[in-house]
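Please look at the sequence and the model below before reading on. The report that follows is meant to be read side by side with them.

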Amino acid sequence: MKKILILFIAVNLLSCIVVAGNTRQPATCAVLEKAVRRQPGNMDLRCQLIEAYFADGDTVAAIKELDYSLALGDVPCLLVHKANLLQATGQLSLAARYCAKAVVAGCLPNEQPLIHYIDSLSNGAVRVSLKTVVKTDKSNTASLLGLAQLSIMDGDSSSALLYIEESLVRGDSTMAPVLHGLRHETIGTDSDYEVVASFPFTRSRGKMEINGTVNGLAVKIELDTAATISTVSEVETLFMLKNNYIGTDDIVDNRIVVSREIGMGNGVVLRGVRLYNLKKQDSPVILSMKDLYLLGVPRINERDKRVELMAKKEKN
């Protein structure tokens with residue numbers, strides 16, 4: 001059991017931890033130990049050393065270095081390391097608090113997927129902590145941006161809009177460019193619009209999933225409110241080719257599958273969506289919310305677990 005836990009922690013840390021937007025390159029523990037001794041105040045080096053310890057299976061050294069480094073300050077990479085370690089040992093509430101600290105320190109959910117993952121597992125505990133910061137520290141905007149991104153990931157456009165607008169009031173325009181799109185997504189409150197179609201979805205660890213079809217093939221579709229393009233896994237592409245759901249004429253530049261139709265239930269069908277082929281994608285199909293604008297303005301109805309498509313009412 002101990003070996004399994006060590007492997008789980010190592011794999012998660014190596015795949016998730018990102019510092020300053022750069023992917024780590026492997027380094028030996030001995031080399032990093034010398035580097036830390038030369039530059040004891042370099043927290044980036046300390047983060048790399050902790051990663052190396054975990055990768056080598058030396059959890060005792062990793063935890064000792066992590067605890068010592070955290071005593072020096074709340075550095076985002078250290079906080080995420082701690083959160084990942086805590087969730088691996090089942091301490092979700094505490095892991096969520098460290099995720100919230102990481103956000104306040106400047107590590108946002110779109111940079112670090114672990115934050116949204118732990119928020120989903122802990123029933124929104126990361127958000128609860130961030131909302132407390134919003135109320136108590138009026139100068140902090142990172143907490144608002146974190147809440148906005150978590151809301152977008154969950155398809156809650158209305159909440160995201162409020163958090164971004166509050167961040168603007170506090171002088172932070174980081175997410176101002178996404179305001180226009182969010183206002184369109186929340187347009188369902190406008191009396192000039194009505195629901196013209198809808199289809200059901202379920203949530204799995206924070207993800208929105210649809211039991212849909214691609215060219216008639218039954219497939220699990222993930223609806224991603226933050227994705228800029230729609231994508232298909234290489235495994236799914238090869239399966240569709242082999243079983244004649246698509247032909248070579250449906251593939252553009254060896255990387256884009258042009259779907260004839262994507263069905264999402266209740267008669268809702270998208271035609272001609274371009275799916276970018278990704279080799280290492282786990283989900284069969286990830287559909288960008290932007291593609292739904294071909295049919296209407298999408299609105300997420302969390303209460304009824306339905307995606308509603310809005311259109312302007314016809315004038316009599």
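The sections below treat the basis of the model, a pair of helices, the cysteines and the nonpolar cores.

## Basis of the model

This is a predicted model, in which local features need pLDDT of at least 70 and side-chain atom pairs count only at pLDDT 80 or more, whereas totals for chains, interfaces and linings use all residues. Residues are numbered from 1 along each chain as its sequence is written, and side-chain values use heavy atoms, with hydrogens and water left out.

## Helices H3 and H5

Two packed helices are described by the angle between their axes and the distance between the axes. Helix H3 (residues 43-55) packs with helix H5 (residues 76-88) at an angle of about 25°, and their axes are 9 Å apart. That makes H3 roughly parallel to H5, a term for angles under 35 degrees. The axes are lines fitted to C-alpha atoms, for helices over the stretch in contact, and angles run from 0 to 180 degrees between N-to-C directions; helices themselves are DSSP runs (H or I, at least four residues), numbered from the N terminus.

On the H3 side, Met43, Cys47, Ile50, Glu51 and Phe54 meet Cys77, Leu78, His81 and Leu85 of H5. By class, this contact of H3 with H5 has seven nonpolar, one polar and one charged residues, where nonpolar stands for Ala, Val, Leu, Ile, Met, Phe, Trp, Tyr, Cys and Pro, charged for Asp, Glu, Lys and Arg, and polar for the others, Gly among them.

## The disulfide and another cysteine

The structure holds one disulfide, meaning a pair of cysteine sulfur atoms within 2.5 Å. Cys47 and Cys77 form this disulfide, with their sulfur atoms 1.7 Å apart, and their link is right-handed, with 70° about the S-S bond. The pair links distant parts of the chain, since Cys47 lies in helix H3 and Cys77 in helix H5, 30 residues apart.

Cys47 is buried (under 20% relative accessible area), with a value of 0%, and Cys77 is buried at 6%. Cys107 is also buried, at 7%, but its sulfur is 8.5 Å from the closest cysteine sulfur, in Cys99, which is too far for a bond.

## Nonpolar cores

A nonpolar core is a set of buried Ala, Val, Leu, Ile, Met, Phe, Trp, Tyr and Cys residues joined through side-chain atoms within 4.5 Å. Of the 51 residues in the largest one, Leu78, Ile115, Ile118, Val126 and Leu130 touch the most other members, and the largest share of this core, eight residues, comes from H3. A second, separate core of 26 residues includes Phe199, Met264, Met289 and Leu309.

Terms used. Helix = DSSP H or I, 4+ residues; strand = E, 2+ residues; numbered from the N terminus. Parallel < 35°, antiparallel > 145°, perpendicular 65-115°, else oblique. Contact = heavy atoms within 4.5 Å. Buried < 20%, exposed > 50% of the residue type's maximum accessible area, 1.4 Å probe, protein only.
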